Amino acid sequence: MKYKEFEFISSSFKCDKNCPYCTAKITKWPIVDNKLNKLEEQLKYIKDKGITFKYFIFSGNGEPSLMSHDDFKAVIDATRNINLFDEKRIQSSGNIFYDDEELNYVKDDFIIEITRVAIDSKEDMKILGYKRDYIKTDNFKKCNIRLNYVLLKNRDLKKSLEEIKEYIDLYPNIKTVSLKTLNTNTFDGRIDNPYSKWIIDNALTKEDTKYIVDFMNNNKFLGDGIVEYDDRYEWKYKDVPITFYGKKGKYGKSNVVYYGGRLVDYSLNELNI
Ligand code: SF4
């Protein structure tokens, strides 16, 4: 059986960025031992159940490339030893482009996923609180990139789409673009922290799904029309897919999270696989 995502989420909480919507801080997940020695065992368990996944995502409550090299390597090695995935991605703050050792270890079979709010690096750096313009590095150009583009409330959608075209024109190594809305609180939905408040004031959320999809469909300059299945919408510009997940499928059945050695859903409930 094919599931959608297997997401490895580290518990380092170390990051060189300071995103005002920080998904790591918003979840309020407990700090745990990553129990990396159990990852391969859990993948083997899943494999024995006859399950494979479309995507492996190396994610973090924190920046993955700031883990120790041994820990970083252990995650990558486990996915190579028990490879159940059509596509593998690693999410990065941008730090990985300054770390030759980590980058060279993954760049041939992983897509590097970056998240931005603006093509203008100065603006992006100001809003997301970081100091090095990683998109200008040679290492950036050497990798296959997925761009997560966060849709802001105070910016005309038309301008956002023009920016996306500009990214694709400028950086041919961008293989996919994902339009992102933000979740106010992924753990229990309460608005009880400054990150959720920032999201409400500044970002589009899942409530804006219809507006975004209608807008994309009405802007023919984005190309080939829409492919819609499950919760995933897709458009194209110069053959680069631009996707949008309107309503993230509930974690559980088709989405599995590995956290601290356990297989859980996004509310940290144990999964019965
Ligand atoms: S890159 Fe990720 S972990 Fe780092 S501050 Fe931004 S959202 Fe948080």
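Author: Helices (H or I, at least four residues) and strands (E, at least two) are DSSP runs, numbered from the N terminus. Helix α2 in that numbering is followed by G50, whose phi is positive, near 80°. This is a predicted model, in which local features need pLDDT of at least 70 and side-chain atom pairs count only at pLDDT 80 or more, while totals for chains, interfaces and linings use all residues. Residues are numbered from 1 along each chain as its sequence is written.

Reader: Why is N83 called partly exposed?
Author: A residue is buried if 20 or more other C-beta atoms, placed from the backbone, lie within 10 Å of its own, exposed if 12 or fewer, and partly exposed in between. N83 has 14 other C-beta atoms within 10 Å, so N83 is partly exposed. N83 lies in the loop between α3 and β3 (85–91).

Reader: How do you know that the span of α3 agrees with its number of residues?
Author: The expected span of a helix is 1.5 Å times one less than its number of residues. For the 13 residues of α3 that gives 18 Å, and the end C-alpha atoms are 18 Å apart, so the two agree.

Reader: What makes the buried residues of α3 line one face?
Author: The buried residues of α3 are F72, V75, I76, A78 and T79. The arc is that of the directions from the helix axis to the C-beta atoms. Here the buried residues fall within an arc of 155°, so they line one face of α3. H69, D70, R80 and N81, on the other side, are exposed.

Reader: And what puts the buried residues of α2 on the same side?
Author: In α2 (residues 39–48), the buried residues are L39, Q42 and L43. They cover an arc of only 100° around the axis, and therefore sit on the same side of α2. E41 and D48 are exposed on the other side.

Reader: Which elements do the buried residues of α2 pack against?
Author: Contact requires C-beta atoms, placed from the backbone, within 7 Å. The buried residues of α2 pack against β1 (2–10), α3 (69–81), β10 (255–259) and β11 (262–264).

Reader: What makes a set of residues a nonpolar core?
Author: The set consists of buried Ala, Val, Leu, Ile, Met, Phe, Trp, Tyr and Cys residues joined through C-beta atoms within 7 Å. The largest such core has 57 residues, and Y21, L39, V75, I112 and A203 have the most contacts inside it.

Conventions: Contact = placed C-beta atoms within 7 Å.
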